[in-house]
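Subject: Structure handover and notes

Dear colleague,

I am passing on the structure that follows, together with my notes on it. Please read the notes with the model open beside them.

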Amino acid sequence: MHVEPWGRTPIVEHADVKRPAWLRDCADVWGDDMTTLAIGNLRSYGDSCLNDNARIVDMTQCSRFIAFDKERGVIRCEAGVLLSDILNLIVPYNWFLPVTPGTKFVTVGGAVANDIHGKNHHCKGTFGCHVLRFELLRSDGSRTECSPGENAELFAATIGGLGLTGIVLWVEFSLTRIASPFITQTNIRFGNMDDYMLHSRTSDSKYDYVVSWIDCASSGASLGRGIFMGGNFADPLANTLPAVPAPRSIPFPIEAPSWMLNTLSIKAFNMLYYGKQTKPVSHHVVHYEPFFYPLDSILHWNKMYGKNGFFQYQFVVPFDDAASVLRDVLKRTARTGNASFLAVLKNFGAIQSPGMLSFPMEGVTLAMDFKNEGGKTLAFMTELDAIIRSAGGRLYPAKDARMTAEDFQRAYPNWSAFAAFIDPQCSSTFWRRVSRSAMA
Ligand SMILES: Cc1cc2nc3c(=O)[nH]c(=O)nc-3n(C[C@H](O)[C@H](O)[C@H](O)COP(=O)(O)OP(=O)(O)OC[C@H]3O[C@@H](n4cnc5c(N)ncnc54)[C@H](O)[C@@H]3O)c2cc1C
């Protein structure tokens with residue numbers, strides 16, 4: 001049985017796929033020599049949601065709500081509930097997710113296991129910062145409730161723990177109050193990387209949600225030009241709000257031929273997108289869906305890269321060296337013609353993540369997509385690794401399919417302490433790769 005991660009590479013065979021319908025059925029998934037990995041909605045790009053030649057436990061059928069306290073804004077649900085279903089339930093009561101990634105089609109279990117971040121890291125930290133408690137099933141049959149004050153070490157290992165500490169059965173977390181489902185959005189055009197660095201950190205403090213798009217095909221004086229997008233939930237007393245748009249999503253129509261996305265078409269897209277922002281600054285009131293989830297309106301957009309798939313390369317580097325690192329990465333990207341269709345830049349703030357292996361650290365994070373062209377693409381990313389390594393940065397496991405054991409172990413120094421919390425029957429393709437002896 002093969003299972004595709006979002007980047008469609010690697011595609012590996014699994015010996016067994018279990019799909020428990022009820023939480024109580026999860027107790028039956030263990031029991032032989034095969035290792036096991038719980039998975040959510042496979043929105044991770046690489047091999048952190050794969051367990052080649054072994055077992056995966058698809059948790060998406062365990063998708064029931066358990067409790068919703070509308071006064072305090074606290075929700076408890078099974079781990080397979082999608083963030084999209086939570087939004088449908090809570091937004092009419094003026095609550096929102098405390099932290100959300102760029103797609104609403106991830107499960108709560110996946111949000112915990114990758115300790116996901118969103119556009120508000122500078123003020124709210126990661127998803128794990130808002131988790132009040134969860135229940136973890138281990139292969140010895142034990143069910144343990146964990147919170148920051150109860151079984152705190154297992155709590156810290158499981159938040160960002162890549163599914164390796166056991167199966168998360170349900171999660172309770174706190175929500176954020178909103179005044180309306182609309183966002184007052186400000187777009188600011190920046191002409192190059194220096195411009196971004198100059199304005200982004202002061203602009204961040206004005207907005208609860210911030211993200212920038214970069215034209216990574218630009219070069220010369222325009223290297224790193226892009227559009228900064230800041231937003232706050234709109235107060236209906238201070239803004240005229242439009243009608244709520246009808247939900248709309250279209251499937252990506254075909255398996256794209258591999259020539260469709262090439263340097264020229266990506267360059268043209270980037271020029272058009274940058275050109276759409278005709279004014280240096282513009283203000284809009286928009287529904288939260290296009291602001292947070294612009295790509296979700298095209299279902300299965302990952303087919304756009306053709307059958308060989310693509311890699312997402314997301315790194316974070318400390319602020320000190322960020323400008324020169326970003327310039328170097330973007331220069332090489334433009335020069336080699338590996339231009340990314342979408343490149344997203346965000347600043348991470350100082351709020352400490354609760355997870356032992358959480359990805360965010362204070363600094364700048366850039367995510368770029370590269371079509372999988374085999375050895376050429378791998379060699380290019382290896383070149384980028386050296387830059388990130390020497391700047392003291394790291395790559396995001398949720399997006400990764402190829403970082404070396406050396407780089408993982410250097411960038412995540414807690415990894416060996418974390419290993420003590422791994423369930424003896426849990427493993428993943430990612431973990432076997434990055435936990436190899438770095439000297440081997
Ligand atoms: C378009 C797009 C935009 C994205 N934007 C962001 C972003 O802005 N920020 C960000 O942080 N991430 C982002 N991501 C990545 C995504 O949020 C994470 O990969 C997320 O973990 C995927 O959740 P999932 O439910 O699909 O889980 P999967 O991808 O299936 O699994 C992810 C991990 O969770 C573990 N897991 C899942 N369920 C359980 C469970 N019940 N018990 C134990 N372990 C479990 C798996 O073992 C695996 O390690 C984006 C992904 C896409 C496709």
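The notes below go from the whole chain to the sheet, then to single elements and the ligand.

This is a predicted model, in which local features need pLDDT of at least 70 and side-chain atom pairs count only at pLDDT 80 or more, while totals for chains, interfaces and linings use all residues. Residues are numbered from 1 along each chain as its sequence is written.

**The chain as a whole**

The chain has 12 helices and 22 strands, where helices (H or I, at least four residues) and strands (E, at least two) are DSSP runs numbered from the N terminus. For 440 residues a compact globule would have a radius of gyration near 22 Å, and the chain agrees with this at 21 Å; the radius is taken over C-alpha atoms, and the globule rule is 2.2 Å times the number of residues to the power 0.38. Along the principal axes, the C-alpha atoms fill a box of roughly 60 × 55 × 45 Å. Buried residues make up 46% of the 440 residues, a residue being buried if 20 or more other C-beta atoms, placed from the backbone, lie within 10 Å of its own. Of the contacts with a separation of 6 or more, 77% are between residues 24 or more positions apart, contact meaning that the C-beta atoms, placed from the backbone, lie within 7 Å.

**The open sheet**

An open sheet of 8 strands runs in the order β17-β13-β15-β14-β20-β21-β19-β22, with antiparallel pairing; two strands pair if DSSP finds at least two bridges between them. The edges are β17 (281-287) and β22 (394-395), each of which has a single partner strand, so one side of each is left without a neighbour in the sheet.

Thr-365 lies in strand β21 (residues 363-371) and counts as buried because it has 22 C-beta neighbours inside 10 Å. Beyond its neighbours within four places in sequence, Thr-365 contacts Gln-314, Phe-315, Val-316, Lys-346 and Phe-348. Ile-388, in helix α9 (residues 375-390), has 23 such neighbours and is therefore also buried. The contacts of Ile-388, with the same exclusion of neighbours within four places, are Phe-315, Val-317, Gly-393 and Leu-395; Val-317 is 71 residues away in sequence but 6.8 Å away in space, C-alpha to C-alpha.

**The ligand shell**

The ligand is surrounded by 31 residues, the closest being Gly-40, Gly-109, Gly-110, Ala-113 and Gly-163; a residue is counted if its C-beta atom, placed from the backbone, lies within 6 Å of the molecule. Two or more residues each come from β4 (36-39), α2 (108-113) and β11 (167-174). By class, the shell holds 17 nonpolar, 13 polar and 1 charged residues, where Ala, Val, Leu, Ile, Met, Phe, Trp, Tyr, Cys and Pro count as nonpolar, Asp, Glu, Lys and Arg as charged, and the others, Gly among them, as polar.

Best regards

Methods
Buried ≥ 20, exposed ≤ 12 C-beta atoms within 10 Å, placed from the backbone. Contact = placed C-beta atoms within 7 Å.
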